[in-house]
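Take a look at the structure, then work through the notes below.

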There are 2 protein chains.
Amino acid sequence: MARIALDVMGGDLAPTATIAGALLALQELGPEHSIQLIGRADVVRAELDAQLAGAEPGVRAVAGRLTVVDAAEVIEMTDKPSVAIRGKPHSSMAVGLRLQAEGQSDAFVSAGNTGAQMAATTFILRLHEGLTRPAIGTLFPSARVPVVVLDSGANVDCSAAELVQFARLGAVYAEDVLGRPNPAIALLSVGEEAEKGNAAVKEAHRTLASASGLNFIGNVEGRDVPMGACDRGPVDVVVCDGFVGNVLLKFYESVPKLLFGLLARSGVSREQLAGALQGLDYASHGGAPLLGVKGVSIICHGKSSPVAIKNGILVGHRTAESRMSEHIGQRLAATAGEATA
Amino acid sequence: MARIALDVMGGDLAPTATIAGALLALQELGPEHSIQLIGRADVVRAELDAQLAGAEPGVRAVAGRLTVVDAAEVIEMTDKPSVAIRGKPHSSMAVGLRLQAEGQSDAFVSAGNTGAQMAATTFILRLHEGLTRPAIGTLFPSARVPVVVLDSGANVDCSAAELVQFARLGAVYAEDVLGRPNPAIALLSVGEEAEKGNAAVKEAHRTLASASGLNFIGNVEGRDVPMGACDRGPVDVVVCDGFVGNVLLKFYESVPKLLFGLLARSGVSREQLAGALQGLDYASHGGAPLLGVKGVSIICHGKSSPVAIKNGILVGHRTAESRMSEHIGQRLAATAGEATA
């Protein structure tokens with residue numbers, strides 16, 4: 001039984017896309033699961049009533065598993081992260097995360113201000129012992145199965161010790177949420193050899209090579225990410241700092257746009273192309289968990305459509321049900337004695 | 001009149017692809033230009049004779065503009081960079097670059113060991129005053145015109161001052177070799193705002209914002225690179241450290257491979273696809289100049305085909321004829337008094 005808190009006010013298309021996403025998610029989730037709609041109660045109720053008025057009976061039936069939780073304040077996309085902690089204590093983010101901290105919710109999902117969500121999550125849910133930073137684990141579409149890339153934007157400057165922490169976080173994420181036993185963990189670098197990389201990567205490589213409980217397969221290069229594999233076999237998790245991860249993520253996001261241009265000129269139809277590139281659509285992969293916090297906080301893209309919100313909620317559900325956060329805590333405790341870099 | 005030295009021994013497909021590329025290049029270059037074939041004279045002559053034996057009269061006619069320069073040693077792909085300087089003083093790289101240092105050649109082109117080429121070039125041609133490192137400027141295909149990304153692999157750890165140097169090097173490259181007056185220079189980061197980025201990027205941004213003689217347009221994000229533009233207009237040069245640049249470059253190189261897989265399943269024909277993705281082919285853009293050295297040293301991909309070698313030679317030709325290196329020296333001297341970060 002999972003109770004998932006959705007930040008109704010977050011995202012460029014809120015509250016329409018968030019409410020629509022919640023209704024879609026409930027139709028996929030079993031009847032024991034519920035969604036808490038967090039936001040200004042008048043706005044939430046008005047949007048919900050409007051969407052239910054013209055809805056099919058099947059949609060109206062799942063609405064009984066929705067509850068509205070009032071949050072008087074709204075965090076804007078332009079607010080600084082600190083606003084989420086001190087400036088607006090009654091924001092939908094703060095209210096949703098506090099519900100979880102108090103044991104009344106199992107996961108938080110938002111398409112709102114990412115910096116604010118990271119700050120509020122870290123402040124309210126707190127980090128697992130042994131961690132200095134949370135990381136965002138994003139799924140990159142690949143020729144094989146999606147690859148977890150972390151950190152994809154929470155930390156622009158990372159120490160070797162933090163890269164090692166990310167490897168441990170990514171491993172549990174891949175196991176619990178993606179269902180990949182013994183996932184292959186790789187370090188992103190400029191060459192396969194252990195001595196290739198910048199200072200932090202080289203140092204992290206040395207630590208990972210002797211780390212226990214991790215299937216560390218060594219360095220991979222940029223080309224291996226879209227392939228989901230390197231010469232030595234499949235890759236499940238790619239570890240990098242948040243600067244590199246964020247640049248790669250945004251680069252990848254704009255590739256379909258480039259291709260539409262290139263292929264349109266060659267006479268390929270838009271339908272063929274749209275079908276082919278569907279696998280590259282971020283929305284089909286849902287949100288990215290903020291890893292390392294004691295709890296579940298799912299970061300969705302600001303431009304999330306109803307389907308993207310629905311998928312974010314499903315990721316929140318899987319993350320909560322698999323008890324990923326608890327497993328991260330256990331894993332970190334078990335390796336607390338090891339050097340981290 | 002340009003005399004271009006080609007490392008016949010360098011690259012996975014050498015000497016066949018290198019000799020073939022030289023013959024292709026001469027057919028495109030005016031009759032005043034010549035190519036110096038650097039390598040083991042017996043190997044070079046045998047390969048040249050074999051290719052000329054069955055060639056069209058037009059091809060045999062250009063062979064008069066080839067000269068063979070003997071170099072007894074060969075740098076292997078697995079040799080360490082230092083080998084190029086001390087271990088093998090008679091390598092095709094060392095011989096070709098020394099010809100240029102002695103005023104007997106105008107450009108050097110190689111598809112061989114990149115690390116060795118960077119080391120040998122820096123050692124033999126030397127850096128312009130005011131520089132601490134050379135940078136590789138690579139052309140990334142975009143929806144608009146190709147974008148210069150530098151550094152794309154020469155330096156894995158970069159200071160803010162080095163990023164500022166790269167901006168100056170990239171500007172002259174875009175002007176001279178790509179013919180773009182007043183090129184738009186951007187800094188790659190994780191957000192448009194000046195305060196976004198890692199420590200080196202933020203510091204470089206502050207310096208670039210007040211640098212003279214540069215059309216600095218601020219930060220761009222990963223998504224802007226394949227577009228060749230950002231919200232504020234076109235982008236000609238993207239500055240980043242060599243770790244990020246190399247990861248992006250290799251990532252981009254494998255995107256066509258991924259797409260062949262995705263699109264094949266959707267019924268798009270291989271011919272349509274090959275035509276559409278031709279623009280993403282590195283070979284069509286030729287080699288990447290090692291920027292900052294006093295002279296011309298063009299780095300080609302190790303897997304260079306004859307066409308890629310030909311394009312590398314043409315880049316060497318344009319780089320030499322435009323006097324890019326001289327202009328870099330002048331520009332650096334003119335701004336020597338400015339803070340570099």
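A crossing counts as left-handed if the near helix is turned anticlockwise from the far one by less than a right angle, and as right-handed if clockwise. Helices (H or I, at least four residues) and strands (E, at least two) are DSSP runs, numbered from the N terminus. Keep in mind that this is a predicted model, where local features need pLDDT of at least 70, side-chain atom pairs count only at pLDDT 80 or more, and totals for chains, interfaces and linings use all residues. Residues are numbered from 1 along each chain as its sequence is written, while chains are lettered from A and ligands numbered from 1 in the order in which they are written.

**α1 of chain B and its partners**

- α1(B) and α12(B) (residues 306-321) make a right-handed crossing.
- Their axes (lines fitted to C-alpha atoms over the stretch in contact, with angles from 0 to 180 degrees between N-to-C directions) sit 7 Å apart at an angle of about 50 degrees.
- That makes the pair oblique (under 35 degrees is roughly parallel, over 145 roughly antiparallel, 65 to 115 roughly perpendicular, and the rest oblique).
- Contacts (C-beta atoms, placed from the backbone, within 7 Å) bring residues including B:Ala17, B:Gly21 and B:Glu28 of α1(B) up against α12(B) residues, among them B:Pro306, B:Lys310 and B:Leu314.
- By class, that contact has 10 nonpolar, two polar and two charged residues (Ala, Val, Leu, Ile, Met, Phe, Trp, Tyr, Cys and Pro are nonpolar; Asp, Glu, Lys and Arg are charged; the others, Gly among them, are polar).
- α1(B) (residues 16-28) also comes within 10 Å of α2(B) (residues 41-53), axis to axis, crossing at roughly 55 degrees.
- This crossing is right-handed too, and B:Thr16, B:Ile19, B:Ala20 and B:Leu23 meet B:Glu47, B:Leu48 and B:Gln51 there.
- The α1(B)–α2(B) contact splits into four nonpolar, two polar and one charged residue.

**Where the chains meet**

- Chain A puts 40 residues in contact with 40 of chain B.
- α10(A) gives the most to chain A's side, with 17 residues.
- That side of chain A divides into 22 nonpolar, 12 polar and six charged residues.

Conventions:
Contact = placed C-beta atoms within 7 Å.
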